[in-house]
Amino acid sequence: MSIFVDRNTRLLVQGITGREGSFHSRQMLEYGTALVAGVTPGKGGQTFEGTVPVFNTVADAVGATGANTSVIYVPPMAAAAAIIEAADAGLPLIVCITEGIPVMHMSRAMPFVRSRGVRLIGPNCPGLIAPGARAKVGIIPGNICSPGRVGLVSRSGTLTYEVVNHLTRAGIGQSTCVGIGGDPIIGTNFIDCLRAFQEDAETDAIVMLGEIGGTDEQNAATFVKEHVTKPVVGFIAGQTAPKGRRMGHAGAIISGSSGTAEEKLAAFEAAGIAIMRRPVDVVQLLRSKM
Amino acid sequence: MNLHEYQARALLKAAGIPMFEGDVASTPPEAEAVARRLGGTVVIKAQVHAGGRGKAGGVKLARNPAEAADLSAQILGMTIKGLTVQKVLVVPAAEIVTESYVGLIMDRDTQRPVFMVSSAGGVDIEEVAAKTPEKIVRLAVDPTYGLFPHQALELAFVLYRDFAQVKAAAKIMEQLYTAFVSNGASLAEINPLVTTPDGRVLALDAKVVIDDNELFWRPDLGVLRDDSAEEPSEAAARRANLTFIKLDGNVGCVVNGAGLAMATMDLVKYYGGEPANFLDIGGSSSPEKVINALKIITADPHVKAILFNIFGGITRTDDVANGIVAATSQFKVEVPIVIRLTGTNEVEAIRILEGVGMRALSDMDQAVEQVVQLARGAA
C-alpha cells in the first residue's frame, strides 16, 4: 500500500501540451503511471504521445476516461483557476506543481477546495510517488526511488531527492514520498501526511523534512507526540538562514522570532522525533529505530 | 516586496483612507518647499527599508521650512542599517489624542487575510504581541465574501467608544481590506491610526508588503521596486532570474532548489565553515544562469571558495557543467571551485567537466568538507 496514490490511480494532466507538462508527462508514462487523459483548453481532440487523449475541460476528461487524480502544470496566473476546475469536476485528489501562484489566489481557492471535500497537494511542490505501485504524480525522479516501507514527507524538491537517494542507496525503500510544497498556503500539510502514514499498514517509519517559516512543523511535532506510534525522523533546513528574508520558497521566511529552525528542532525533540543534523543521517537514524 | 512608506501611503490614499497631507522629497530644497506648503511644524522621515528609523536619527522634527531643509540635508545620504537614504517623507507634526494599530496580514494557519487591531498603537506591535497578546484582537476574513460591514464595526469598536469615530474607523477597515486585496499585499499596516483633538480618525504611518508572486502580472506595482534599497548583488541576481541572498561567510554556494540550498548552507556551517550566500539557480537551469551565478558570487571579495551542489531532477546536470565551463573560459575565477553533481545526465556532465580538467564529486558531505577546507586554507 501507499498513501494518496496507488495502483488504482488514473491520472489526468492539466497543461499536458505545455513545455513542463509534456516533459513530465512523458516521464510519468515511462515510470508506469496510468496517465489516462490530458487537458489543455482549445486542444481537445488531440492525442499526446499517440496514446493519451487531450480534452478541453477537466469535466470532459473525467467523463470520458474515469480519471480520479489530476496533476497541474499550468502557468502561475492560471493555476488557481485550474485547481478550482479540478475540484469542481469532483476529482478527489489534485496535485499542483506550479510555482509562483499569488497567495491571494490560493486564499480564494482553498475555501472552494475544502467545500468540495477534495485533497489538494501543493502548490509549488514536486508531487508524490509510490514506487511499489509504480505511481508517479509530479516531478520526483523515479530512478532514485525504490519500493519499501518508509514514508517520506517534505516541503522541498531537491532536498527530498537528496534524502531519498541516501535511502535507496542504503537499501531502504519507500512506501510513498510526498512533497507538500514550499508556499505559505498549501492544501495538504505535514499532519495530513503523518496521519495517512500512521494509518498505512505498509509504512513502518516516517521521514519528515521541514524548513524555516510558519508553524506547520511545530504542529506536526505535537501531532506526532499524541498520535503517531511509528518512528519518526526529522530534518529542518535553514538553520543558517537570516531573519526576515524569503529563502527561495515563499513560505521559507522567519518573521520576527517565529518560524526559526531552533524553535522547530526543539518541538521535534520534545516529541521524540529523531533529529537529522545532516541529510545523510537519515540512514543511520532509521536503522537504529526500525 | 517591501514598499517605502510614501509608496504605501499612496496606495492607501488611493483606496480612500484619510491621511494628513504630506509629500516625498529627494533634496533639501524639495523638502523645504513641501514644509512651506504644509505650514507649521513638520516631521522629516527617512525612506529606507529598515525598522528603528527614529532611533537611528532618521526621523526629525522641523519647526519651519528652513529647518526642514537643514534637517533633510542631514538625513538624506545618511546610512541606516547599511542602506543609504535617498528620499525623505515630509508630513505635518499633527496633534494626536490616541494612537492605535491596524494591520492586515495573509495568515498561513487560517489561510485567510487576518486583521489585527489594538488600541496600543504607535509602538512596536511585535513587542505588544509577545508581551501582552490579549491587547491584540484578531479577525480572519473569508476572501470569498470579503469583510462584512458588521465585522468592520466589530473591529472599530475595539478601538473607539465615540460612535462617529467608530463609523470612521469601520470605513477605514473596509478601505484597508480593499487596498490589501486589490494590490496583492501580504501585509498592509496602519501604525498608528490616530485621532485628533477635533475628533478625526486618520492614518499617520503606513506599511505595505506586496506578494512577489503578484509582480509578474502587475507591472504597475513592479515599478515601485527601489533597486537602490537593495544589496546591489541581490538586485543583479533578481534581474538574472536567480534567487540570491548575501550572507557574511566565505563559502560561495550555487545550488538547485531552495530546500537543498538551505540544507547546503547548514552543512557548510556543520563542517565549520560559513556560507557567503543563499543561491537557488532554479529548476530549468540554462548555462546562462550558471554564468550569471558565478559572476555574482565571484564579485564578493569575501568568497574564498565556491561550491556547486546540484541534484539533477528537472535540472540537467550537463547544462550546469556547460555553464561552469563557459563561465570559467569567459572570465578567470580566482578562487577554487568544488563541484558536486548527481542525477539527470550526470555521465555527460562529468565528461564535459573532465574535458577541461575539472573534477566532480557525487557525495554532498564530501564536497562540503572539501570546500570548507579550501576556504579556510585561503582565508
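How many residues does the contact take from chain A and from chain B?

1. The contact takes 43 residues from chain A and 44 residues from chain B, where two residues are in contact if their C-beta atoms, placed from the backbone, lie within 7 Å. On the chain A side, α4 (103-115) is among the elements that each supply at least two residues, and α4(A) gives the largest share, 6 residues. Helices here are DSSP runs of H or I of at least four residues, and strands are runs of E of at least two, numbered from the N terminus.

2. A word on the model: it is predicted, so local features need pLDDT of at least 70 and side-chain atom pairs count only at pLDDT 80 or more, while totals for chains, interfaces and linings use all residues. Residues are numbered from 1 along each chain as its sequence is written, and chains are lettered from A and ligands numbered from 1 in the order in which they are written.

3. Chain A is assigned domain 1 (11-121) and domain 2 (140-289), with bounds from an automatic or database domain assignment. Their C-alpha centres lie 26 Å apart. Between them, 9 residues of domain 1 of chain A are in contact with 9 residues of domain 2 of chain A.

4. Within chain A, β10 (residues 147-154) and β11 (residues 174-179) run parallel, joined by 6 bridges.

Conventions: Pairing = 2+ DSSP bridges.
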